[in-house]
Amino acid sequence: MQRVFSGIQPSGIPTLGNYLGAIRNWVPMQDQNECLFCVVDLHAITQKQDPKELLSNTREMAATLLACGLDLNKCTLFVQSHVPAHAQLGWVFNCVARMGWLNRMTQFKDKAGKNREEVSTGLFVYPNLMAADILVYHATVVPVGDDQKQHLELANDIAQKFNHDYGVDFFPNIQPMIQGVAARVMSLRDGTKKMSKSDPSDQSRINLTDDADLIADKIKRAKTDPDVLPDNVAALDGRPEARNLVGILAAVAGTTAQAVLDEHAGKGFGAFKPVLTEALVAHLGPIRAEMQRLLTDPGALDAELRRGAEKAEAIAEPILKRAYEIVGFLPRR
């Protein structure tokens, strides 16, 4: 049994892309691994947040994870800021990582754009905290999407440099777990762009809080092309919107894109979209209902998160203590 760590930011309502690309894939991991799942609110404030919205979004994300199938008897679920060891080890890693390493991070370049002098320093050193998130538990497996692979490579660089600098074999090597089918769900308005919570158009995404009518409206308006569906996946090349909708149905139905095409080849999108809508409503409806139920009792939800933090802290504290000893910090007691 390996120790798995993964985190997700509480930055708005989770989308179908978050669910199919990450959250849903966490559920089966619970049966085979020791899993720690974290709502990473410290990462969220690398960009300006409304405090009330951050508080609400943190609870909402935790409720989402539970509604999607995380079982507190099988995994540990907690909020990042509830375990101070993340930030404490993060500072140590700020002093281990090199500026040149961080300057090569493409995600920082993408998010900062032309305003690099105006963004927070937190956004720049974000990968060091991500490394601490993982290594403070000596986790060896991290499920990641393509956009986080570079950060995971950096986490391994930091671990190796720490070990080398202090002449120890303390932090382990981390292995990425690349997600499979539908790991990258695209925008309903532009099949070349990833579905995102930050897209200005709500029509570009399916939110896990959307009701049946809203899902139907968004799928009806989703961008397509005039051609019918082909009988093979290769023929979807150059048709990003068609590929996206076929991939979504395959993921929701638990099948393959080829199986979807076997059933719907020759159909136009006027016939295909109602089938996709029905599948989405049937799949997401129970998740939405459970989220709403959990959020009606925030006190009970908060109590579960506190218990999760206590379990996480019991793992992290001895590892942080030993890291501090290796660095040479004077013990408090």
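The model is predicted, so local features need pLDDT of at least 70, side-chain atom pairs count only at pLDDT 80 or more, and totals for chains, interfaces and linings use all residues. Residues are numbered from 1 along each chain as its sequence is written, and side-chain values use heavy atoms, with hydrogens and water left out.

**Exercise 1.** Count the disulfides, then check cysteine 75.

*Solution.* A disulfide is a pair of cysteine sulfur atoms within 2.5 Å. By this rule there are zero disulfides. For cysteine 75, the nearest cysteine sulfur belongs to cysteine 35, 6.8 Å away.

**Exercise 2.** Classify the ring pair of phenylalanine 93 and phenylalanine 171.

*Solution.* Rings of Phe, Tyr and Trp (its six-membered ring) pair if their centres lie within 6.5 Å; planes under 30 degrees apart are stacked, over 60 edge-to-face, the rest tilted. The whole structure holds nine aromatic pairs. In this one the centres are 5.4 Å apart and the planes at 75°, so the pair is edge-to-face. Ring pairs also join Phe93 and Phe171 in a cluster with Phe162, Tyr166 and Phe170.

**Exercise 3.** Classify the ring pair of phenylalanine 269 and phenylalanine 272, then decide whether each residue is buried or exposed.

*Solution.* The centres of these two rings are 6.2 Å apart and the planes at 85°, so phenylalanine 269 and phenylalanine 272 are edge-to-face. Buried means under 20% relative accessible area, exposed over 50%, partly exposed in between (1.4 Å probe, protein chains only). Phenylalanine 269 has 7% relative accessibility, so it is buried. Phenylalanine 272 has 0%, so it is buried.
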